[in-house]
Every structure is written in C-alpha cells, then in structure tokens.
Amino acid sequence: MDAASRLAASAEGSCRGWEKEFMLNEMHISALSDMKRRMEYCLSYLRKIKKLCEENQLNFVIVIPPVSRAMLARLCRDDLERFLLRPIEESGESFRIWNYFDDKFFSDDKFFDTAICMNDTGRRLFTKEVIKRIGAEIL
C-alpha cells in the first residue's frame, strides 16, 4: 500500500473512532450535554496546567500539531474551530495557542506514519520549528 492510501485509511479509521467516542453523528440533547461535559473536563485540566506553569514562572502554550493531508481531507478548519478552538475561547481563559493543524509545510505525507502521527523526520522538523518559535516569541 502506498503512503497516500495508508494515510487515507488511517484518517478514515481515526474519524470513525472519534465519531463513535464523541457521538458526533448523534446530535441529540444527551450527546450534546455529554460533549459539553467532556470539554469542560478537558478545560479544567488546561486551567490546572496553566496555573502550575504560572506558579513556576513557565510560559504555557497550547501547541496544536499538524495533521496529514489525508486527515485534512476528512476534517476541516470548521471542525477544529467547533470542537477545540471555540470551546477554549468561550472558556474565558486566555490561552496562547500555536496552531499548526493545517500548516502547508508539515502536511506533506512524507512526514507521517499515520494520519495524525508524525514519523521521525516529521517529529524532528516540527520540534525544530517549535524550538525556533520559543526562542523568537518567549525567550
């Protein structure tokens, strides 16, 4: 199986799993309230991590990693906004977010083992990018 086919199958499998786990195809009241409860649970941990960082004079940054083109074909920026960015924004917290979700450079198939997991080459390049940005924006 070539890389594009392998990543497309991986993206399909990931999305089916998320649809089931988060009841994305069942938009009735109980599913929506369950999603809201899960998001609040996640946000509570982001708040705790941010507080811990502040107590230790560390800068807290949420880094959204890139995904492959195959995953970008299945998800769109609206999904990212609806299920991650908007709930964070509506939480009233001010989180610094570095969003590489649909970064053109890192979406190339050659950087991924699966639709959402970078391979060694991709991880090394992405880590260099984040370290460079830390130096430019934080230090």
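Where in helix 4 does a kink lie? The kink, of about 35°, is at L84, shortly before the proline P87; the bend at a residue is the angle between axes fitted to the seven residues ending there and the seven starting there.

## Basis of the model

This is a predicted model, in which local features need pLDDT of at least 70 and side-chain atom pairs count only at pLDDT 80 or more, while totals for chains, interfaces and linings use all residues. Residues are numbered from 1 along each chain as its sequence is written, and side-chain values use heavy atoms, with hydrogens and water left out.

## Overall layout

The chain has five helices and two strands, arranged along the sequence as α-α-β-α-α-β-α. Helices (H or I, at least four residues) and strands (E, at least two) are DSSP runs, numbered from the N terminus.

Of the 139 residues, 31% count as buried. Buried means under 20% relative accessible area, exposed over 50%, and partly exposed in between (1.4 Å probe, protein chains only). The accessible surface comes to about 9,100 Å², and 56% of that belongs to carbon and sulfur atoms; such areas come from the Shrake-Rupley method with a 1.4 Å probe, and for residues only the protein chains shown count as cover. Among contacts (heavy atoms within 4.5 Å) between residues at least 6 apart in sequence, 69% join residues at least 24 apart.

## The nonpolar core

The largest nonpolar core has 28 residues, and I62, I64, M71, Y100, F101, M118 and F126 have the most contacts inside it. Such a core is a set of buried Ala, Val, Leu, Ile, Met, Phe, Trp, Tyr and Cys residues joined through side-chain atoms within 4.5 Å. At least two residues of this core come from each of helix 1 (3-21), helix 2 (29-55), strand 1 (61-64), helix 3 (69-74), helix 4 (77-90) and helix 5 (120-137).

Leaving aside neighbours within four places in sequence, Y100 is in contact with V63, I64, P65, P66, F106, F126, E129, V130 and R133.

In helix 4, the buried residues are D79, L80, L85, P87 and I88. Just after this helix, G92 takes a positive phi of about 85°. I88 and C42 are 46 residues apart in sequence and 9.7 Å apart in space, C-alpha to C-alpha.

C42 is found in helix 2 and is partly exposed, at 43% relative accessible area. I49, also in helix 2, is partly exposed at 41%. Together with Y41 and Y45, I49 makes a nonpolar surface patch of about 330 Å². Patches are made of residues with over 30% relative accessible area and no salt bridge; like charges are joined within 9 Å, and nonpolar side chains (Val, Leu, Ile, Met, Phe, Trp, Tyr) within 5 Å.

## Salt bridges

The whole structure holds ten salt bridges, each a side-chain nitrogen of Lys or Arg within 4 Å of a carboxyl oxygen of Asp or Glu. In one of them, E55 meets K51 at 3.1 Å, N to O. These two residues are four apart in helix 2, about one helical turn, and E55 is partly exposed at 46%.

Helix 5 holds R124 and D120, four residues apart, and their side chains form a salt bridge at 2.8 Å, N to O. R124 counts as exposed at 54%, whereas D120 is partly exposed at 40%. K132 and E129 are three residues apart in helix 5 and are bridged at 3.7 Å, N to O. K132 is exposed at 58%, and E129 is partly exposed at 23%. Elsewhere, salt bridges with shared partners join E40, R47, K50 and E93 into one network.
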